[in-house]
Amino acid sequence: MAKESSEDAPFISILGSMGLVSQPIVWASLYSVATSGAGLPAGPLGLLGAVEGVSYLVVVVLVARKLLLSDSSSGTIKTAETLSLFSLGISLLVVTNLVADQGCIPNAKPILDYSNYVPVCNPDQTPGLFGN
């Protein structure tokens, strides 16, 4: 595909920085999912949940960018893409482990409620990272 133009450089830099900031949030969420079957709590005004959701979206965008573009990234964006691939792999392992152990998957109700189609974990039955 096409190489990045100099006009894209600020966007790429911001995306790389967002990717680096998003990784620890995704990892904390994955820890919470692995230990409780639910992601991070919504927090005050739902801000923590919103940050968690945006962090996952940033990871998905970086993985898609890495897989779809054949450019030779370097610097922050390359590091963020590599960490995002790592996070995606860990996500798949956590969800696979959750399904194997509990027979359910976490539900993303604000975005999509798929509880009618597959067994969904009940976060009320197991306390999360910060308790109930």
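Of the 132 residues in the chain, 27% are buried (under 20% relative accessible area with a 1.4 Å probe, protein chains only; exposed is over 50%, and partly exposed is in between). A word on the source: this is a predicted model, in which local features need pLDDT of at least 70 and side-chain atom pairs count only at pLDDT 80 or more, while totals for chains, interfaces and linings use all residues. Residues are numbered from 1 along each chain as its sequence is written, and side-chain values use heavy atoms, with hydrogens and water left out.

**Exercise 1.** Work out how many helices and strands the chain has.

*Solution.* Step one: take helices (H or I, at least four residues) and strands (E, at least two) as DSSP runs, numbered from the N terminus. Step two: count them, and you get three helices and zero strands. Step three: read the order from the N terminus, which is α-α-α. Step four: look at the contacts (heavy atoms within 4.5 Å). Among those with a separation of 6 or more, 55% are between residues 24 or more positions apart.

**Exercise 2.** Find the angle at which H1 and H3 pack, and name the arrangement.

*Solution.* For H1 and H3 that gives about 20°, with the axes 9 Å apart. Step two: classify the angle; H1 is therefore roughly parallel to H3 (under 35 degrees; over 145 is roughly antiparallel, 65 to 115 roughly perpendicular and the rest oblique). Step three: check the hand. H1 passes H3 in a left-handed crossing, where the near helix is turned anticlockwise from the far one by less than a right angle (clockwise would be right-handed). Step four: list who touches whom. The H1 side includes Gly-16, Gly-19, Leu-20 and Trp-27, and the H3 side includes Ala-80, Leu-83, Phe-86 and Ile-90. Step five: sort the contact by class, and you get 15 nonpolar, nine polar and no charged residues. Here Ala, Val, Leu, Ile, Met, Phe, Trp, Tyr, Cys and Pro count as nonpolar, Asp, Glu, Lys and Arg as charged, and the others, Gly among them, as polar.

**Exercise 3.** Now do the two pairs that involve H2: which is oblique, and which is roughly perpendicular?

*Solution.* Step one: H1 and H2 pack at about 120°, with their axes 8 Å apart, so they are oblique to each other. Their crossing is left-handed, and the contact holds 12 nonpolar, five polar and two charged residues. Step two: H2 and H3 pack at about 110°, with axes 8 Å apart, so this pair is roughly perpendicular. The crossing of H2 and H3 is left-handed too, and by class the contact has eight nonpolar, three polar and three charged residues.

## Single residues

**Exercise 4.** Decide whether Ala-80 is buried or exposed, and find what surrounds it.

*Solution.* Step two: its relative accessible area is 0%, so Ala-80 is buried. Step three: skip the neighbours within four places in sequence, and Ala-80 is in contact with Gly-16, Gly-19, Leu-20, Gln-23 and Leu-62. Step four: pick Gly-16, which is 64 residues from Ala-80 in sequence but 5.5 Å away in space, C-alpha to C-alpha.

**Exercise 5.** Search the structure for aromatic pairs and say how the rings meet.

*Solution.* Step one: pair rings of Phe, Tyr and Trp (its six-membered ring) with centres within 6.5 Å; planes under 30 degrees apart are stacked, over 60 edge-to-face and the rest tilted. Step two: the search finds one pair. Step three: the rings of Trp-27 and Phe-86 have centres 6.3 Å apart and planes at 85°, so they meet edge-to-face. Step four: locate them, with Trp-27 in H1 (residues 9-36) and Phe-86 in H3 (residues 76-102), 59 residues apart. Step five: check accessibility. Trp-27 is partly exposed at 34%, and Phe-86 is partly exposed at 46%.

**Exercise 6.** Find where Leu-45 lies and what its phi looks like.

*Solution.* Step one: Leu-45 sits in the loop between H1 and H2. Step two: its phi is positive, about 60°, although Leu-45 is not a glycine. Step three: at 84% relative accessibility, Leu-45 counts as exposed.

Terms used. Axes are lines fitted to C-alpha atoms, for helices over the stretch in contact, and angles run from 0 to 180 degrees between N-to-C directions.
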